[in-house]
Number of protein chains: 2
Amino acid sequence: MTEIDVKRKVLEANASAARSLKETFGASGTLVVNLISSPGSGKTTLLEATARALKDRFRLGGLDGDIATERDAERLQRAGIPARQILTGGACHLDARQVEKALAEEGSRLAGLDALFIENVGNLICPTSYDLGEAFKVVLLSVVEGDDKPFKYPAIFSRAAFTVVTKCDLLPHVDFDLSAVREQVAALNPSAGFLVVSARSGEGMDAWYSLLEEKIAWKREAPAAALVAP
Amino acid sequence: MTEIDVKRKVLEANASAARSLKETFGASGTLVVNLISSPGSGKTTLLEATARALKDRFRLGGLDGDIATERDAERLQRAGIPARQILTGGACHLDARQVEKALAEEGSRLAGLDALFIENVGNLICPTSYDLGEAFKVVLLSVVEGDDKPFKYPAIFSRAAFTVVTKCDLLPHVDFDLSAVREQVAALNPSAGFLVVSARSGEGMDAWYSLLEEKIAWKREAPAAALVAP
């Protein structure tokens, strides 16, 4: 078996587990969001703010992928929602079987949620190919990472339904051409949504919350069968 | 062949190419530095400043690994040193055979340098396991990425001879506990060097340049054989 055969087999096994997860999330009407970014772009901080803003109206939960430490799940728990850390054993991404196993072990604590946020391992490359049964992927890019990133990492910016530019409170202190980023994303994925936020200052956060509310409502109302289809 | 067998075979092939590169760099007395960080931590910006500061005294060159775009090599060329982009074909790291091939194709343009900077693909995980024939690895961490990163990505912070904290001009605008980072790095790698810089403001850059000058001198004077040893 060659390296390519092994990779194909791994992705096939992942796709099978992802289909099974989609059926589960379809049956429970759970909106699942797969968040992907570089390390330190602000995934956990965005989710902490989201938990605090929406936890009284929706049943929310989190899965946090990392190479090491349980810090991120602890942060979400402190923000008031159930969360579980998945340590990947050195792998640079989560896979659908890890998600299945974590949910099975958590039982009712993470079942039947309105929304489950999966915070992937900090990495703009590896997580891109692994479907975790999510409704859609969100890619985060902080304004400090530079405005050349969508064209440097085209796969994730093509596949994410939403690009969220984070830490916009730092825009006055960095060279970051927001319109250049918007144009690159539009070129890679004309239907992608584009948000600019700062979890620290609160700027743009209402648009993010509205988006989640709309998608949670859509997921509840959509027939489960439609969400299992490819 | 299992997934683990394939990974072992890939790493063995890499190690063989890395040994050959070390012989070449030993014979020419070239200091090779493998720079690793998240996307947007400032590898290219650090190298642009380094090129401008040291190019009149040393023969410098760069190899820039990316998934897509030739932007980084172009930036180093504009800063006045020869540089070549290596597109990895989707891989999340450079490997030693790609470095061999690029150097062979460049011929004298990147041969016999005093120092060759290899800017790896933006990723804190995958590049860690691949020896590129370098004298040492440098890991960069920008102050905007958060002070929890060494313990979240322990492999690279354990293996890098130097941790360079970048964008320290932004410290007044972010929550970043520099001493916590220093302690994590010291716990993972007690012999690691630790620098704090801003290529933008110039703060700390003289220490970085002095370090490179010292290592270039060391590489020139060290017997080639000593540098081939494991």
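**Chain B against chain A**

So, the contact between the chains takes 36 residues from chain B and 36 residues from chain A, where contact means heavy atoms within 4.5 Å. Before I go on: this is a predicted model, with local features needing pLDDT of at least 70, side-chain atom pairs counting only at pLDDT 80 or more, and totals for chains, interfaces and linings using all residues. Residues are numbered from 1 along each chain as its sequence is written, chains are lettered from A in the order in which they are written, and side-chain values use heavy atoms, with hydrogens and water left out.

How much area do chain B and chain A bury between them? About 2,900 Å², with 58% of it on carbon and sulfur atoms; buried area is the accessible area (1.4 Å probe) that two parts lose on being put together, summed over both. On the chain B side, the residues that lose the most area to chain A are Pro39(B), Lys152(B) and His173(B), together 20% of what that side buries.

Arg71(A) pairs up with Asp148(B) in a salt bridge, and their closest N and O atoms are 3.9 Å apart. By class, the side of chain B that touches chain A has 17 nonpolar, seven polar and twelve charged residues. For the classes, Ala, Val, Leu, Ile, Met, Phe, Trp, Tyr, Cys and Pro are nonpolar, Asp, Glu, Lys and Arg are charged, and the others, Gly among them, are polar.

**Inside chain A**

On to a helix pair; helices (H or I, at least four residues) and strands (E, at least two) are DSSP runs, numbered from the N terminus. The axes of H1 (residues 3–28) and H4 (residues 96–106) of chain A come within 8 Å and cross at roughly 40 degrees. Therefore H1(A) and H4(A) are oblique to each other: angles under 35 degrees count as roughly parallel, over 145 as roughly antiparallel, 65 to 115 as roughly perpendicular and the rest as oblique. Axes here are lines fitted to C-alpha atoms, for helices over the stretch in contact, with angles from 0 to 180 degrees between N-to-C directions.

Arg84(A) sits in strand E3 (residues 83–87) of chain A, 21 residues from Glu105(A).

Thr69(B) has a positive phi of about 80 degrees although it is not a glycine. Lys167(B), not a glycine either, has a positive phi of about 60 degrees.

Technical notes: Salt bridge = Lys/Arg side-chain N within 4 Å of Asp/Glu carboxyl O.
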